[in-house]
Amino acid sequence: MYRIWFERTLPPAYAHLLNGVAEALGPASATPETPLVALPRAQAIIAAARIQYNGAVMDQAPELRVIARMGIGVDNVDLDAATARKIAVCNVPDGPTISTAEHTVMLILATVKQLPRMNHAWGSGRQIDFFNAYDGLEVCGLCLGLIGLGRIGAYVARVASALGMRVVGYDPYISAEKATELGVECAPTLEAVFDVADIVSLHLPLTPATRHLVNAARLAQMKPGAYLINTARGGLVDEAALLDALEQGRLHGAGLDVVDPEPPEPDNPLLNRADVIVTPHIGGVTTASRQRLWQMAIMQALQVLRGERPPHLLNPEIWLHS
């Protein structure tokens, strides 16, 4: 019987996927002081996002053959270290696409409609002439700037176009023809997006090259009164620079499903602002997406353990030389 270590507790609804095939290891036997206590026995890992799977962690499991990430991003998995140890790494790229894209659109609408500010004002007890004081926007006619046009960015582009928005995007890995198919104006540079967009939305992975991609200089490029949306990774944004842009009034608001670090420190000033919506990294999590994530991650782990190549293998070189 195979042995699979779970970073998150396996819900009972998915336990049948292991029946007669694999033993579940992980959180049930762990403590805060010894979170990896069962890891040394593992042949496979079903990974979430909070643990950094570096070489030292991998070496704790000498029989480890596969790390299956429950999601798209693998910035917490050292691919080079895994490849050097002939450990397969795979992800579930289609699992959270629809949920994250819908969450992005929700944050766009909620921020430009100023829902947190209006909710606070409505409950304040003050007499306010909302008809004249409210300055929420219609998104129809606004320019949405998308940084990244992968699965999620492409889905957001289609919804935004249906809402009547002009969509401008930057993605060096997408051809102009593909952008046209998506109804997106292809920007030649990042700066070109920040220059024209009323709303900038981030849909790219976190790497050393993209960390703090949104910094003081790029925030200063944005239109006065623009909005920033981030449902990708918190480290893409320099939060100190974002806070300064909000306090100076250069940005009108922000919608964030991710922060850096996660979970946020209780005194993170972005958490208590009326012009910022912060959700707890739930953009990709719905009932439907959670089912896809669990099923596909477990399926791929079992495929590798059986000697079968999984569909979303991220380091195929280990298969070529095995």
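In this predicted model, glutamate 247 forms a salt bridge with arginine 273. The closest N and O atoms are 3.8 Å apart. The pair links distant parts of the chain, 26 residues apart. Glutamate 247 belongs to helix α10, whereas arginine 273 sits in the loop between β11 and β12. Glutamate 247 counts as exposed, at 52% relative accessibility; the cut-off for that class is over 50%. Arginine 273 is partly exposed, with a relative accessible area of 21%.

A search of the whole structure finds 14 salt bridges. One of them joins the side chains of glutamate 191 and arginine 218, at 2.9 Å from N to O. Arginine 218 is buried, its relative accessible area being 17%. Glutamate 191 is partly exposed, at 27% relative accessibility. The side chains of glutamate 308 and arginine 306 also meet in a salt bridge, at 3.2 Å from N to O. Glutamate 308 is partly exposed at 34% relative accessibility. Arginine 306 is partly exposed at 43%. Salt bridges with shared partners join Glu247, Arg273 and Asp275 into one network.

Helix α10, which holds glutamate 247, spans residues 239-247. Its buried residues are Glu239, Ala241, Leu242, Leu243, Ala245 and Leu246. An α-helix has 3.6 residues a turn, so residues three or four places apart point the same way. The cover over the buried residues of α10 includes helix α9 (216-221). It also includes the strands β10 (226-230), β11 (251-256) and β12 (276-278). At the start of α10, a side-chain oxygen of aspartate 238 comes to within 3.1 Å of the backbone nitrogen of alanine 240. Glycine 249 follows the helix. Its phi is positive, near 80°.

Elsewhere in the chain, 5 strands form an open sheet with parallel pairing. The strand order is β2-β1-β3-β4-β5. The edge strands are β2 (22-25) and β5 (88-90), each of which pairs on one side only. From one strand to the next, the twist averages 20°. Strands of a sheet pair through backbone hydrogen bonds, either parallel or antiparallel. Within this sheet, β3 (residues 44-47) and β4 (residues 66-69) pair in the parallel sense. Their pairing runs over 4 bridges. Isoleucine 45 has isoleucine 67, in β4, as its bridge partner.

The cysteines were examined next. A disulfide is a covalent bond between the sulfur atoms of two cysteines. A search of the whole structure finds 0 disulfides. Cysteine 143 is accordingly in no disulfide. The nearest cysteine sulfur to that of cysteine 143 belongs to cysteine 140 and is 13 Å away, whereas a disulfide needs the two sulfur atoms within 2.5 Å. Cysteine 143 counts as buried, at 3% relative accessibility. Cysteine 90 is also buried, with a relative accessible area of 0%.

Conventions:
Residues numbered from 1 in each chain as written. Predicted model: local features only at pLDDT ≥ 70, side-chain atom pairs only at ≥ 80, totals over all residues. Heavy atoms only, no water. Pairing = 2+ DSSP bridges. Helix = DSSP H or I, 4+ residues; strand = E, 2+ residues; numbered from the N terminus. Axes fitted to C-alpha atoms, helices over the stretch in contact; angles between N-to-C directions. Buried < 20%, exposed > 50% of the residue type's maximum accessible area, 1.4 Å probe, protein only. Contact = heavy atoms within 4.5 Å. Polar contact = N/O pair within 3.5 Å; in protein donor to acceptor, adjacent residues only side chain to side chain. Salt bridge = Lys/Arg side-chain N within 4 Å of Asp/Glu carboxyl O.
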